[in-house]
Amino acid sequence: MSRKKPRPTPVPPEPLAEVFDAHTHLASCGAGDAASVRAIMDRAAAAGVSGVCTVGDGIGEAELALEAAHADERVVAACAVHPTKAHELTDDVRTRLRGLVADDRCVAVGETGLDTYWITHDPEGTAPLGVQEEALRWHMDLAAEFGKPLMIHNREADEDLMRVLADAPAGLTVMLHCFSSPLDVALEAVDRGYYLSFCGNVTFKRNEELRQAAARVPEDRILVETDAPYMTPEPFRGARNEPTFVGYTARLLAEVRGVDPDEFGVALSRNARRLYGLTM
Ligand SMILES: [Zn+2]
Ligand SMILES: [Zn+2]
């Protein structure tokens, strides 16, 4: 008789002085109403998390994200239609999204971008690249119109993404969420003044080049995120993620940069507040 070894239940990291989860999905973490949003945020606060940006990646999820942002003052929202679902960006959805982005608690347009991984792995269910690019350009104009930052999802699409982003209207702030690209792309992004947000995969053993990239981002352009419920950092890779665990990634980033984790956590939070235009 063989038994699968049970996965260890993740325990919260040692609390940081402060840290901000710049990209998470509260609804996918099970926060479907105001009480469950507050419960997740209370757990996170005990680990030093002062705030999160929760992301809706379809029109329904975007509406939920905005509701969460209205339910708890520690939560702000980003709204968009995910690149893999770009074919769902109908005229009606564009009108509804515009209404969400106009709300003060929506602080970014995202996640939008390009994703060729799912085009390869699920061609039937994924918007083709041309449709994704058209949607990205529409979101880019929407962000510029409302003066809010653009939050980018990029999976195996570096070259096309950097080409499209080069056309961004002057003054648009760009944030690359779950940054996972090679070092040369990181340096080009830094050169363009983008924010780079690192998530749990930067703690994975094989991702040495990603750690090198994280060490090279200027202190005022680096962010940390969970992208929960996925991408749980080591030592709990594979477990279900939530904002509580962002400190593991923040501590790893502090280590590769050779800085004090508490001071670095404060810098990460300051960057997130500047990016999202928060006074909290
Ligand atoms: Zn993403
Ligand atoms: Zn995400």
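1. His-153 counts as buried, because its relative accessibility is 11%, where buried means under 20% relative accessible area, exposed over 50% and partly exposed in between, with a 1.4 Å probe and protein chains only. The residue lies in strand 5; helices (H or I, at least four residues) and strands (E, at least two) are DSSP runs numbered from the N terminus. Not counting residues up to four places away in sequence, His-153 touches His-82, Pro-83, Glu-111, Thr-112, Gly-113, Leu-114, Asp-115 and His-177, contact being heavy atoms within 4.5 Å.

2. A word on the basis of these remarks. This is a predicted model, in which local features need pLDDT of at least 70 and side-chain atom pairs count only at pLDDT 80 or more, while totals for chains, interfaces and linings use all residues. Residues are numbered from 1 along each chain as its sequence is written, chains are lettered from A and ligands numbered from 1 in the order in which they are written, and side-chain values use heavy atoms, with hydrogens and water left out.

3. Donors are N, O and S atoms within 2.8 Å of the metal (3.2 Å for Na, K and Ca), and since water is not among the atoms, sites may look incomplete. His-153 lies in strand 5 (residues 150-155) and His-177 in the loop between strand 6 (174-176) and helix 7 (183-191), so the pair ties together parts that are 24 residues apart in sequence.

4. Glu-111 bridges the zinc ion (ligand 1) and the zinc ion (ligand 2), and the two ions lie 3.6 Å apart. This residue is placed in strand 4, and the peptide bond joining Gly-110 and Glu-111 is cis, with omega about 5°.

5. For "binding site", the unreviewed UniProt entry lists His-23, His-25, Glu-111 and Asp-227; UniProt positions are given in the numbering used here, feature names are shortened, and annotations may be inferred rather than shown by experiment. These residues span 205 residues in sequence, yet no two of their C-alpha atoms are more than 11.0 Å apart, so they gather at one spot. Under "binding site", the unreviewed entry also lists His-153 and His-177, which span 25 residues in sequence, yet have no two C-alpha atoms more than 5.8 Å apart, so they gather at one spot.

6. His-23 lies in strand 1 (residues 19-24) and, at 0% relative accessibility, counts as buried. Leaving aside neighbours within four places in sequence, the residues in contact with His-23 include Glu-111, His-177 and Asp-227.

7. The largest pocket holds about 1000 Å³ of space. On a 1 Å grid over the protein atoms alone, a pocket is an open set of points with protein on both sides within 12 Å along at least five of seven lines, a cavity is a set of points where a 1.4 Å probe fits but cannot get out, and lining residues have an atom within 4 Å of a point; grid points are joined across faces, edges and corners, and a volume is the space filled by probe spheres set on the points. Of the 37 residues lining this pocket, the closest to its centre are Trp-118, His-153, Arg-155, Asp-227 and Met-231. Strand 5 gives the most to the lining of the largest pocket, with three residues.

8. The search of the whole structure finds one cavity of 30 Å³ or more, and the largest cavity has a volume of about 60 Å³. Its lining residues include Asn-154, His-177, Cys-178 and Val-185.

9. Cys-178, in the loop between strand 6 and helix 7, has a positive phi of about 45° although it is not a glycine, and Met-231, in the loop between strand 8 and helix 9, has a positive phi near 55°. Cys-178 counts as buried at 11% relative accessibility, whereas Met-231 counts as partly exposed at 29%. The peptide bond from Ala-228 to Pro-229 is cis, with omega near 15°.
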